[in-house]
Structure formats: structure tokens, C-alpha cells
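Subject: Structure handover

Hello,

Please find the structure below. My notes on what was found in it follow.

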Amino acid sequence: MSAALAIAAIVLVLVATVVIGFYGLRISRTTDDLLVASRTVRPWMNASAISGEYLSAATFLGLAGLVLLSGTDAFWFPIGYSAGYLLLLLFVAAPLRRSGARTIPDFIEARLDSVGARRVTSLFVLIIGWLYIVPQFHGAAITVNVVTGLPPWVGSVAIAVIVGVIVAAGGMRSITFVQAFHYWLKLTAMGVPVVVLLLAVGTAPAAIDPALIFPRESGPGGQDLYRTASLVLALLLGTMGLPHVLVRFYTNPDGASARRTTVIVIVMISAFYMLSSTMGMIGRVFAPDLADPATADSVVLLLPSRLLPGLMGDLISALIVAGAFAAFLATSSGLVVSLAGVVSQDLLGGSVRAFRISAIACATVPLLVTFLTVPGGLANSVGFVFVVAASSLSPVLLLGVWWRGLTASGAVAGMIIGGVAAAFSLVVSGFGLVQHPIAVAAFDQPAAWTVPLAIATTVLVSLMTRRRVPARADRYISRLHAPER
Amino acid sequence: MDESTLIALLTGSAIGVCLTFGVLLAWRYARGSRELGSDGEHATYRTLHLASQAAENLRGGLDSEEVGRAARHLRALLGCDILAIADAGGGIVIDGPGELFREVAASIAARMSEVSRTQVVPVPAESGRDSTYAIAAPIVTDGLVAGMVIVFATSRRAPLIRATGEVAAWVSAQLSLGELDASRAALAEAELRALRAQISPHFIYNALNAIASFINTDPSKARELVLEFADFTRYSFRRHGDFTTLAEELRSIHSYLLLERARFGDRLEVTLQIAPETLSTVIPFLSLQPLVENSVRHGLERKEGGGRITISAEAAGMNVQITVEDDGAGIDPDAVKALLGGSGGADHIGLRNVDSRMRQVYGDTYGLVVETNLGAGTLVRLLVPQSQPMNDTDAVKAHAEARLRMPDRSAS
């Protein structure tokens with residue numbers, strides 16, 4: 001693989017991002033454009049931006065790697081990732097758009113009239129956000145290492161510095177256009193290689209017998225009902241608890257277009273997941289030697305040069321590298337913006353300078369964590385973030401939108417119990433502390449019991465502190481659900 | 001999940017949590033490191049602490065539900081068993097095991113208007129009542145008795161009597177402060193109402209003249225302009241809501257600029273740079289249009305050959321930054337300083353108006369920033385927080401509540 005081409009692709013993506021970010025605002029020269037400009041973005045444009053921010057390293061590199069590793073089991077991940085938007089659409093997209101709050105802590109504070117609940121929410125947002133950034137940095141490390149041979153830390157440091165600087169320099173003036181550009185770039189960077197590779201291998205004999213590659217027991221018949229249901233629950237509920245998802249819905253002019261946008265998002269990310277899964281299956285047929293947890297995530301990067309020797313393979317590889325970098329950039333900058341907002345408001349007083357400091361801090365902390373850890377199973381590490389989000393923030397968010405009786409104490413108790421239960425499960429399953437098969441399954445995929453636990457705790461504690469339902473709860477809830485005038 | 005991922009995630013969470021707590025602790029430490037102090041100092045801290053807690057609960061007035069909590073703190077402060085707070089309307093809140101004393105308290109409170117200083121009333125003996133004296137001190141606000149603090153005790157100790165009197169006096173002061181808060185909120189609201197920008201007569205006169213000039217030469221254009229005028233006035237005269245969205249405000253500016261262009265012709269050019277995600281930002285009603293009008297009237301009208309106005313909006317951290325720039329005549333910087341400082345003439349009244357409303361609504365750090373010099377054009381910068389869950393674009397009273405956080409009595 002040509003390192004020069006790959007580096008050129010990375011630089012090109014960066015330059016395009018910065019140019020669109022800083023100069024991408026459409027400049028209108030006549031007063032008539034005022035009307036056009038004030039009509040806000042179209043749903044499809046906003047949907048591209050949301051999809052661009054959502055498709056992360058985990059889906060760009062990790063999904064194909066997971067398909068290579070575990071076959072059809074892995075398909076539950078894209079199903080859960082995209083169906084999460086269905087729940088978002090059904091239950092929270094429009095009400096939260098009407099709430100006027102741009103972040104989850106803001107919403108919790110306004111809804112529950114409690115600074116304490118806000119602080120706890122912020123803490124969870126911060127932890128979830130950092131955990132989500134780490135796999136992005138790992139993805140960058142893998143990519144740089146595989147395509148250029150440079151040591152892995154170069155990739156993570158580069159992406160952390162770039163993201164930190166861009167966000168600290170005042171963010172991008174036209175973040176919507178940048179994210180939309182990243183979506184189409186990622187779609188191209190996955191779509192073109194898939195088509196070209198399929199054409200190239202269409203007639204070639206498979207490396208091994210397909211019956212070995214897709215054995216019956218790893219098909220739908222061999223799946224464990226509990227594990228699958230639990231994983232899907234985590235992915236479904238986790239999406240709405242991610243810190244960077246909520247804020248994008250404000251670009252929509254009203255609740256109705258927020259819903260329309262969500263529908264388009266589901267179509268757009270599904271299209272991408274289809275391509276990405278196909279890539280994994282090609283890998284399963286033609287690169288079975290990569291099916292090892294340490295190398296599986298690099299399958300997307302390595303496939304083109306294996307199947308297409310020569311310039312064509314190099315070009316396709318460079319395209320994929322460009323798409324991968326768009327994925328790291330889009331997701332981690334979206335997250336850093338959200339987290340820096342939380343840190344600067346809750347700890348540093350919310351000035352512009354505080355925001356800059358927070359941006360640097362929020363890019364540095366995950367970088368340190370990246371150094372201390374070894375990349376492995378990007379899709380799985382992101383899966384864990386979904387479990388934590390689904391067990392802590394999502395129940396409180398759902399109840400806050402739909403249940404008038406929620407109190408600050410209930411929300412805090414629910415978040416802490418749910419979050420601690422999810423983390424505890426991770427420790428137990430990771431160190432293999434239990435042996436019984438039922439217990440192993442319960443701790444491997446804990447969402448099926450941590451989410452009900454969090455909901456039950458929230459409801460019970462809220463009922464116990466019924467007298468402390470904020471006085472303005474009724475009015476705020478009616479604002480969330482009444483149509484805009 | 002394999003082990004390395006696990007370790008990654010664990011260390012991640014651990015470091016995240018440790019860092020957050022570390023920062024919080026450091027913050028605490030930096031703010032309030034002090035030595036533990038002597039017993040006397042401890043007593044002072046404790047008293048002050050109880051007093052400040054009770055003060056919170058008293059701010060809503062004697063008839064609010066919070067008084068019960070205040071009574072608990074005051075009882076702890078006085079170190080007595082039973083404490084009652086009676087208000088002028090006949091309501092009595094008792095803290096401590098004192099339900100049996102309710103009628104005694106009621107009979108003392110019934111005569112509160114005749115009382116001017118602390119008095120000790122013997123409690124009629126009855127089974128179950130172990131206290132034999134009631135110490136009653138009036139709470140006086142605005143020269144009238146607004147309520148009473150009644151303490152039940154077994155003996156008539158002079159220190160307790162004196163302390164009760166002091167506590168009643170302190171409660172009076174807190175209630176006055178609470179009333180001050182309420183009147184400040186009312187004042188802020190009245191001020192906002194008064195400050196709500198009005199359409200300038202100058203503009204109406206010019207617009208109507210411009211329309212008149214087209215009636216014979218270009219009737220369809222005149223009709224169009226009349227409709228724009230109608231749109232603009234409907235928006236500006238609307239009665240409900242102190243907030244609007246940037247998109248709506250831009251629509252009104254569109255109407256305004258069309259009318260101005262009817263007069264200026266091609267001499268007035270407009271450039272827009274609006275990041276789409278800022279369009280749904282909540283801004284105070286008519287906070288942008290006066291800035292544009294200021295640019296047209298004071299910047300470009302006085303300049304030969306017209307000029308250009310640039311309006312831009314983009315995200316800046318947790319805020320949205322909106323700027324209005326013109327390449328017109330500019331303003332003397334000292335005049336701007338005087339203007340925003342509160343003095344200054346009738347010129348640029350729009351600027352001052354927007355500046356004081358921004359400070360009213362979002363606090364002093366959100367005042368206007370003006371960059372200008374004579375002959376160098378003017379740039380006015382407006383910062384608005386992105387997230388304003390308390391400011392509804394429809395609700396009329398939302399802002400006063402958001403700023404002063406008054407307890408909402410109508411809903412409770």
C-alpha cells in the first residue's frame with residue numbers, strides 16, 4: 001500500500017474540512033436571500049449532518065471487523081444503531097426540540113428545577129462522551145499504523161490535536177455543512193470500494209469453502225435469545241443518551257421537521273451499514289487470516305490492496321483512509337464540542353475562554369486513556385458505551401419527557417444505580433468472576449436487567465419524594481408536547 | 001469483549017471519574033480552605049449557617065409552603081422544643097411536637113395587631129402540655145405586624161425571650177428582602193416592557209413617503225411595499241412573547257430592508273452569512289432589527305453613495321454570536337461609551353435599548369460590543385446563549401422567572 005497516497009488523502013480530508021468549516025457559509029448578497037436564509041436547512045441536509053456525525057470509527061472500521069470475527073451475530077449492531085433512531089423519533093426528538101435545551105444537563109435542570117441533578121447528569125455525559133471518543137482515537141491509531149507504518153500513537157495524537165485545535169479555535173462556523181460533507185464522503189469511501197471489490201472478486205474462487213465461513217451455528221438459528229435481546233435493547237436506548245446526538249436536532253425549524261429528519265437519518269445510516277456489512281462479508285471470504293481480535297478492525301483498510309494489486313488498489317485504499325478520517329473527525333469533534341460545553345458551563349463559568357480550555361481538556365483526557373489501553377474490537381467498545389448510556393441517561397430522559405412525576409432525587413438515584421450496575425457488569429464479565437452460563441450471559445449483556453433496574457429505581461424514588469415534583473412540571477411538560485405555534 | 005478493551009474502558013471511566021472529582025475537590029479547596037476554629041467560632045458558623053438556610057425559605061413570604069422548613073431551622077437556632085410561625089391571614093405553622101398548642105398559638109396570633117413587642121403569655125394548663133409559657137414576638141414589615149414567632153417553653157428565661165425577639169426582628173428583615181426581590185422582578189418586567197423597541201416614527205414617515213412615490217409610477221410595486229409594511233408592523237406590534245427566534249427576526253428585517261431599499265435603491269447592499277444551526281436560536285424580541293436600523297440611519301444615510309450592511313450569525317462556544325456591520329459613517333467611540341454607559345443624546349437610542357435589554361435578560365456579560373470609529377464603519381456584536389430552556393418564545397413571563405428564580409405560586 002502506498003503511504004504517500006494515504007497521507008495525501010488524510011491531508012485532503014483535513015483541508016476540505018477546515019475550508020468548508022470556516023468558509024462554507026453561503027454568502028447571500030441580496031435582501032431576497034434573507035427569506036431563503038431564514039427558512040433554515042432542509043431536512044435532508046440536516047439528516048446528512050446528523051448521519052455524518054453519528055457514523056463513527058466503530059461503524060467505519062469496527063463493523064466490518066466484527067462481521068469478519070463473528071459472522072451474522074454482528075448484524076445486530078447496525079440494526080440496533082439505526083433502530084435507536086426509531087426510538088429517538090418516536091419518543092424524544094420532537095419534545096426535546098421544543099424544550100429549548102441544547103444539552104441533556106440543560107434539559108434535566110430545566111425539567112427538574114435542580115442543579116444537583118444537573119451536575120450528576122453532566123458527570124454521566126462526560127464519562128459516556130470520553131468513553132466514546134477513545135475508540136475514535138484507537139481507530140485513528142490503527143489506520144495510521146496500517147497504512148503508513150508509523151507508530152500507532154502518531155494517529156491518535158494527530159486526531160486529538162486537530163480536533164482540540166478546531167474546537168478551541170471557536171468551532172466551525174458551518175458545522176452543519178461540514179458534517180453533511182463527511183457523511184457523503186464516508187458513503188462514497190465505503191460504497192465505491194465495495195462495488196469495485198465485488199466486481200473484482202465476482203469471478204474469483206473463494207479462499208475457503210463458504211460453508212466454513214458461514215457455518216449454521218453462527219446463523220440466526222444459533223443465536224442466544226437473551227444476549228441478542230439485551231444487546232439490541234442497549235443499542236436502541238443508548239442512542240438517545242449519547243451526548244452529541246441531541247444538539248443537532250435544533251437545526252430543524254420545528255418538531256415536525258425534526259421527525260422528518262430522523263426518518264431520513266434512518267435511511268441514510270442504514271445505507272451505510274449495508275455497505276459496511278458487505279465489506280465485512282467480503283473480508284470473511286477473502287481475508288479469513290485477519291479474523292483475530294487484534295487485527296480484525298483493519299480489514300477494511302487491508303482488503304483493497306490484497307484483492308486489487310497495483311495503482312487501483314492504492315487509490316481505493318486512499319479513498320477508504322479518507323473516509324475513515326472523516327469518521328474520526330466528525331464523531332470526535334461533535335463529542336468534544338458537546339463535552340466542552342458541559343465542562344465549561346458546569347465547572348468554569350461558561351465564558352468563551354473557559355470553553356477553549358475545556359475543549360483542550362476534553363480532547364486530552366481520552367487521548368491519555370488511549371495511550372494506556374490497547375485497541376481491540378472497536379464495535380464492542382462502542383457497544384459498551386451504549387450499555388452505559390442506555391442504563392443511565394436514557395431512562396431519565398424518557399421519563400423526563402413522558403412522566404410528570406419524575407423528581408430530581410429519582411433521576412439522580414436512577415442514573416447512579418443504572419450506571420454503577422452497567423460498570424459492575426463490565427468488571428464481572430471482563431475478569432470472568434462468574435462461571436455459571438446464565439450469570440455469564442447476564443453480565444456479558446447486562447442491558448436487559450440494568451435498564452429495567454434504572455427505570456424502577458427512578459420511578460420508586462420519585463414516588464417516595466412525590467412532594468418534590470417541581471411546581472412548574474405541568475407547564476414544562478405541556479410545552480414539550482404542545483405543537484408549536 | 002476481550003481483556004484489552006475492558007481495561008481500556010475501565011481505566012477510561014476511572015480516570016474520568018477521578019479527574020472530575022479531583023477538579024471538583026480542588027475547586028472546593030480553592031474556594032473555601034479555612035482552619036477549623038475554636039468552639040465559639042463553631043457556634044457562630046452554625047448560627048450563620050442555620051440563619052442562611054432559613055433565609056432561603058423565608059424569601060417567598062409568610063404564606064408560602066416553605067415557611068415550614070424555615071420554622072425547623074429557626075427552632076434549631078433557638079434551641080427550643082416547639083416553635084410556631086403565625087401569619088396575618090390566620091395560618092399557623094408549628095414545628096416540633098406541638099399540635100396541642102395550635103389553639104393557644106391561634107389565640108395569641110388573633111391579637112397580633114395589638115402587640116408591638118415581645119411578650120410572655122402563660123399557657124393554660126391542660127393534660128399533655130408540658131410547656132407553661134409562650135413567648136410571642138411580632139414580625140413587623142412596613143410598620144405593620146405581618147406575623148408572629150411563638151416559642152413554647154417551660155420557664156421564662158430572659159435569654160430565650162430576648163433571642164426570640166431578635167429572631168422575629170431578623171425574620172422581618174428577611175421578609176422585607178423577599179418583598180424587595182418580588183418588586184425587583186416586577187420592576188425588571190416593567191422595564192423590559194418599556195424597553196421593548198418601538199418602531200421609530202422616522203421610519204414610518206419615510207416608508208410611507210417611499211410607497212407614495214411608487215403609487216403612480218409603479219402601482220404593483222407600491223402594493224408589494226404596502227404588504228411588506230403590513231408584515232413588518234404586525235411583527236413589531238405583536239403583544240405576546242418577549243422572545244423570538246433568529247429566523248423570525250431575520251424575516252422581519254427582510255421586510256424592513258425592502259422598505260428601506262425602496263428609498264435607497266441600489267445604494268443599499270446587504271450581505272448575509274448565517275450558519276443554519278443558529279437560526280432556531282432564541283433571542284429577545286426585536287433585538288436585531290434595531291441594530292440594522294441603526295446601521296441604515298446613522299451609518300449609511302449620512303454617507304455619500306450608500307453602502308453595505310453585513311449580518312452574520314455563527315456558533316461561538318456555548319453562545320451564538322450575531323454581528324451587524326456597516327461600512328458607513330461610523331460613530332465617535334467616546335460617544336458610544338457615553339451612550340452605553342447610560343448618558344448620551346437621543347441618537348442611537350436603538351443601540352442603548354438593545355444593550356440594556358440584553359443585560360437585563362442574560363446578565364452583564366451579554367452586553368453589546370461595538371467596534372467603530374468616525375469614518376470607519378460600525379460593527380455591533382451580540383452574544384446570545386444557545387441553550388435557553390427557560391425562555392419560551394411564546395411565554396410572556398418566562399424571562400423574569402428565569403432570571404430571578406422566584407417560586408411559582410400560581411402553579412403550586
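**Helix packing in chain A**

Helix 4 of chain A and helix 7 of chain A are oblique to each other, a word used here for angles that are not under 35 degrees (roughly parallel), over 145 (roughly antiparallel) or 65 to 115 (roughly perpendicular). Helix 4 covers residues 57–70 and helix 7 covers residues 115–148; they pack at an angle of about 60 degrees, with their axes 9 Å apart. Axes are lines fitted to C-alpha atoms, for helices over the stretch in contact, and angles run from 0 to 180 degrees between N-to-C directions. Helices (H or I, at least four residues) and strands (E, at least two) are DSSP runs, numbered from the N terminus.

This is a predicted model, in which local features need pLDDT of at least 70 and side-chain atom pairs count only at pLDDT 80 or more, while totals for chains, interfaces and linings use all residues. Residues are numbered from 1 along each chain as its sequence is written, and chains are lettered from A and ligands numbered from 1 in the order in which they are written.

The crossing of helix 4 and helix 7 of chain A is left-handed (the near helix is turned anticlockwise from the far one by less than a right angle; clockwise is right-handed). On the helix 4 side, A:Ala57, A:Ala58 and A:Leu61 meet A:Pro135, A:Gln136, A:Gly139 and A:Ile142 of helix 7. Contact means that the C-beta atoms of two residues, placed from the backbone, lie within 7 Å.

Helix 1 (residues 3–23) of chain A has two packing partners to report. The axes of helix 1 and helix 9 (residues 175–201) of chain A come within 7 Å and cross at roughly 150 degrees, so the two helices are roughly antiparallel. Their crossing is right-handed. A:Ala16, A:Thr17, A:Ile20 and A:Gly21 of helix 1 meet A:Phe177, A:Val178 and A:Phe181 of helix 9.

With helix 14 (residues 311–346) of chain A, the axis of helix 1 comes within 8 Å and crosses at roughly 40 degrees. That makes helix 1 oblique to helix 14. This crossing is right-handed. Residues making the contact include A:Leu5, A:Ile10 and A:Val13 of helix 1 and A:Leu315, A:Phe325 and A:Leu329 of helix 14.

**Chain A overall, and one residue**

Chain A contains 20 helices and 1 strand. Of its 485 residues, 60% count as buried (20 or more other C-beta atoms within 10 Å of the residue's own; exposed is 12 or fewer, partly exposed in between). Among contacts between residues at least 6 apart in sequence, 83% join residues at least 24 apart.

A:Leu393 sits in helix 16 (residues 378–402) of chain A. A:Leu393 is buried, with 29 other C-beta atoms within 10 Å. Leaving aside residues up to four places away in sequence, A:Leu393 touches A:Ile104, A:Thr121, A:Phe124, A:Gly241 and A:Met415. A:Thr278 is 115 residues from A:Leu393 in sequence and 33 Å from it in space, C-alpha to C-alpha.

**Chain B**

The domain assignment, which is automatic or from a database, gives domain 1 (40–192) and domain 2 (196–404) in chain B. The C-alpha centres of these domains lie 52 Å apart.

Strand 7 (residues 268–274) of chain B has a covered face made of B:Leu268, B:Val270, B:Leu272 and B:Ile274, and an uncovered one made of B:Glu269, B:Thr271 and B:Gln273. Strand 7 runs parallel to strand 9 (residues 307–316) of chain B, joined by 7 bridges; pairing requires at least two DSSP bridges. B:Leu272 has B:Ile311 as its bridge partner in strand 9.

Regards
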